Amino acid sequence: NPVPKKAEPPKKVASAAPAPKSADPAQEREQRLSGLIGRINEMLAPSGLTATRANLAGELYAEAAKLSPNDARVKNASSKIADAYLKLATARADEKSYREADNLVSKGLDLAPGHRLLTALQKDIAERQKPKRQTFGGF
């Protein structure tokens, strides 16, 4: 009875390509960016929009901008967040909460410095805060 030989492990063959990593760095970046953009959109949902959620969207945007500053989705996100700040600031200004409104406008302008409606609202808030002159009779 011949004794069966133990199976030898397969010989390793040198490969020109390095061993595959868990994922391609560009693919990982794209997945991360897509996730951030998705979360930004969730934070800006009209039904649950609050200053806290807009602030969180701003933080997520900062992360996304670091990953891919020239990505169209990232640029679009800054505009969406600025629009959310506009909506919130307008509501606060209508409630005569001018300090809070001005703070929200400033945050929006930090993200989108050329946002015309935020700039107009900022001027309107400043105008509303000026003391009104009282006139008495025909003076």
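## The loop between α2 and α3

Serine 68 sits in the loop that runs between α2 (51-67) and α3 (72-94). In this predicted model, serine 68 counts as buried because its relative accessibility is 18%, and buried means under 20%. Setting aside residues up to four places away in sequence, serine 68 touches Leu33 and Val74.

Aspartate 71 is also placed in the loop between α2 and α3. Its relative accessible area is 17%, so aspartate 71 is buried. A polar atom of the aspartate 71 side chain lies 2.7 Å from the backbone nitrogen of arginine 73.

## Overall fold

The chain contains five helices and zero strands. Along the sequence, the pattern reads α-α-α-α-α.

Of the 139 residues in the chain, 28% are buried. The chain has an accessible surface of about 10,400 Å², and carbon and sulfur atoms account for 54% of that surface. Among contacts with a separation of 6 or more, 57% join residues 24 or more positions apart.

## The largest nonpolar core

The largest nonpolar core has 32 residues, and within it Ile40 and Ile81 touch the most other members. Each of α1 (25-43), α2, α3, α4 (98-111) and α5 (116-129) supplies at least two residues of this core. Helix α3 gives the largest share, ten residues.

Which residues does isoleucine 81 contact, leaving aside its neighbours within four places in sequence? The partners are Ile40, Leu44, Ala54, Ala57, Gly58, Tyr61 and Leu111.

## Asparagine 103 in α4

Asparagine 103 belongs to helix α4.

Asparagine 103 and tyrosine 85 are 18 residues apart in sequence. In space, their C-alpha atoms are 9.4 Å apart.

Key. Residues are numbered from 1 along each chain as its sequence is written. This is a predicted model: local features need pLDDT of at least 70, side-chain atom pairs count only at pLDDT 80 or more; totals for chains, interfaces and linings use all residues. Side-chain values use heavy atoms; hydrogens and water are left out. Helices (H or I, at least four residues) and strands (E, at least two) are DSSP runs, numbered from the N terminus. Buried means under 20% relative accessible area, exposed over 50%, partly exposed in between (1.4 Å probe, protein chains only). Contact means heavy atoms within 4.5 Å. Accessible areas come from the Shrake-Rupley method with a 1.4 Å probe; for residues, only the protein chains shown count as cover. A nonpolar core is a set of buried Ala, Val, Leu, Ile, Met, Phe, Trp, Tyr and Cys residues joined through side-chain atoms within 4.5 Å. A polar contact is a pair of N or O atoms within 3.5 Å; within protein, one must be able to donate a hydrogen and the other to accept it, and residues adjacent in sequence count only if both atoms are side-chain atoms.
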